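Work through the exercises below with the sequence and the 3D structure at hand. Each task is followed by a worked solution.

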Amino acid sequence: MAGTTTHLNSHSQILKIKRRRCRETTITTTTHPTSSAAATHLQPDPHIAISPDANPPQIRPAMGPYGAGDGFPSSLSKFNSALTAGLLNPMSPPPPPQDKTRSSPTLFEMMANEPDSVPRAPPAAFENGAAAVKNQQGARLAANVDKQALMHQRLLDLLASRSPGNQFNDAASSDVMLTLSSKDGVSVSIRVHRQILVVHSRFFALKLNESWVKQQGSWVPYNVEIADCDDIEVYIETLRLMYSKDLRRKLMKVDVQRVLGILRVSVAIGFDAGVLSCLEYLEAAPWAEDEEEKVASLLSELRLEGVGAGEVLKRVSLDAAAGLDDGKNSEEVLLKLLQVVLEGKDEKARREMKDLVTKLLRENSSQKDLRKESMYFAFDECLKLLSRHFLQAAHGDMQDIGQIARQADNLHWLLDIMIDRQIAENFLITWASQSELSEAHPKVPPIHRYEVSRVTARLFVGIGKRELLASKEARCMLLKTWLVPFYEDFRWMGRASRGLDRHSIEDGLSNTISTLPMALQQEIFVSWFNRFLNGADDCPNIQRGFEVWWRRAFVRRKGEDERPHQMRIISDTMENS
């Protein structure tokens with residue numbers, strides 16, 4: 001029989017380098033007879049398994065007729081080198097024997113000699129990266145172990161701290177081994193008494209009944225497990241309460257957060273005495289502001305209105321069953337607060353309460369809590385009192401002259417609130433129509449009347465800052481009625497009012513004047529110019545607004561007059577052409 005020679009298949013074909021997505025890679029061989037009777041040069045294993053993590057296999061040439069190491073041409077050696085260096089896929093077949101007559105290198109020679117275009121990280125970099133990942137995993141594992149160890153130690157300390165004579169976790173007298181395990185793998189075993197659990201908990205009464213005991217036989221203690229506990233410490237505290245005669249006294253030593261946890265567990269296991277004790281604690285103990293929402297949320301979730309939760313909820317919400325409309329009630333309360341502040345006797349306390357009420361109203365600027373009509377009702381009452389005392393003082397009756405400053409200050413405060421709520425337009429219209437007060441203004445001493453001009457100044461600032469939008473007629477009426485009294489009181493305002501923002505008032509007045517037609521602007525600014533020259537210290541400085549008006553009235557108008565003239569010349573030229 002003719003001899004056969006086994007060698008790697010080297011058919012001429014287009015080679016595609018492709019990475020196989022399999023767990024193992026195999027290199028197969030094919031055999032075919034040759035005419036030569038030479039000896040077998042290479043006998044490879046028909047299936048060579050390669051692990052993805054292992055290095056590529058080395059193909060070593062066997063001894064052949066070419067001498068030692070000449071079993072294959074040099075191109076195969078270069079292919080082997082490229083394969084070993086990771087440049088080729090192990091599935092790619094080797095190149096055909098090198099043709100000595102060709103002058104150009106083959107594809108495999110070019111690939112074997114070409115340096116790798118993708119930089120490869122040195123082995124040390126891989127080792128360092130693997131070491132870093134391993135260290136991080138070890139740190140997380142250690143932190144988790146430490147956390148569980150600390151938790152386990154706290155549980156042991158909690159179980160060990162029992163008063164003398166208390167049978168909780170008493171190994172000598174208990175008949176149930178209760179194991180509590182959490183979701184994160186922490187577990188603890190407690191020695192408890194079946195009779196106590198059955199008497200205090202509907203859950204244990206159902207699970208540990210007489211039928212269950214008969215099924216367990218005579219083996220004591222009975223093993224019971226509660227898995228996936230949210231908080232093992234809270235479960236232990238709840239079970240400990242079953243052994244206590246005075247539950248309220250025990251709860252006094254814990255905080256609101258822990259009581260809420262005990263309440264949740266007590267509801268879950270049907271521990272009615274624990275539920276009632278927790279509700280009594282929550283009803284009597286003060287809460288922090290952040291605890292209030294947690295209490296209301298948990299009680300609403302557990303639906304305990306029938307067992308006393310309603311009394312607790314009354315602390316954070318009105319009783320809807322009493323027929324109270326929340327919106328109407330809140331408005332009545334706010335109106336009462338406004339009335340008390342407006343009529344207060346102590347000026348220092350009035351200022352503090354004004355700041356407080358303003359802060360509360362700004363935190364909840366809903367129009368439902370205080371309607372526009374309610375605000376203007378308080379405004380009308382203050383304006384009536386101001387008008388009465390102001391006119392009395394103008395006629396020489398100085399008995400209640402101090403009420404002028406008080407009611408003007410009240411109006412100023414109400415105006416601030418209305419501007420914040422964007423409902424101050426009617427205030428401006430009503431104030432601008434008070435011509436009787438304006439005419440009586442010179443007859444009242446400045447020390448008592450300057451507070452009235454502060455109201456006017458606040459309206460100027462509001463218009464200048466776009467905080468309120470009024471009609472042109474209302475703005476003109478405001479300046480016509482109150483601008484001269486404002487000028488006369490400006491000096492007193494600067495001296496007597498603490499924290500007066502003079503520049504803001506002056507800018508507000510300038511901006512208010514600039515909203516009027518140009519003819520009225522000219523009349524007001526020219527009048528101010530004369531007044532300012534005769535008493536600069538007693539007059540607001542609205543020079544910036546004066547300059548703006550001047551440029552509008554003369555500089556820009558001159559340029560506008562020139563431009564149409566040029567256009568007309570161009571038009572005439574076009575017609576002539």
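Buried means under 20% relative accessible area, exposed means over 50%, and partly exposed lies in between. The model used here is predicted.

**Exercise 1.** Classify Arg248 by its relative accessible area, then describe its salt bridge with Glu280.

Solution. 
- Step 1: Arg248 has a relative accessible area of 48%, so this residue is partly exposed.
- Step 2: Glu280, at 37% relative accessibility, is also partly exposed.
- Step 3: The closest N and O atoms of Arg248 and Glu280 are 3.6 Å apart, and the two form a salt bridge.

**Exercise 2.** Find how the side chains of Arg406 and Glu347 meet, and state whether each residue is buried or partly exposed.

Solution. 
- Step 1: Arg406 and Glu347 meet in a salt bridge, with an N to O distance of 3.0 Å.
- Step 2: Helix 16 (residues 402-420) holds Arg406 and helix 14 (residues 347-363) holds Glu347, so the pair ties together parts 59 residues apart in sequence.
- Step 3: With a relative accessible area of 15%, Arg406 is buried.
- Step 4: Glu347 has a value of 33% and is partly exposed.

**Exercise 3.** Which residues are linked with Arg406 and Glu347 in a network of salt bridges?

Solution. 
- Step 1: The network also links Arg350, Lys354, Asp409, Glu451 and Arg454.
- Step 2: For the whole structure, a search finds 19 salt bridges.

Methods:
Residues numbered from 1 in each chain as written. Predicted model: local features only at pLDDT ≥ 70, side-chain atom pairs only at ≥ 80, totals over all residues. Heavy atoms only, no water. Salt bridge = Lys/Arg side-chain N within 4 Å of Asp/Glu carboxyl O. Buried < 20%, exposed > 50% of the residue type's maximum accessible area, 1.4 Å probe, protein only. Helix = DSSP H or I, 4+ residues; strand = E, 2+ residues; numbered from the N terminus.
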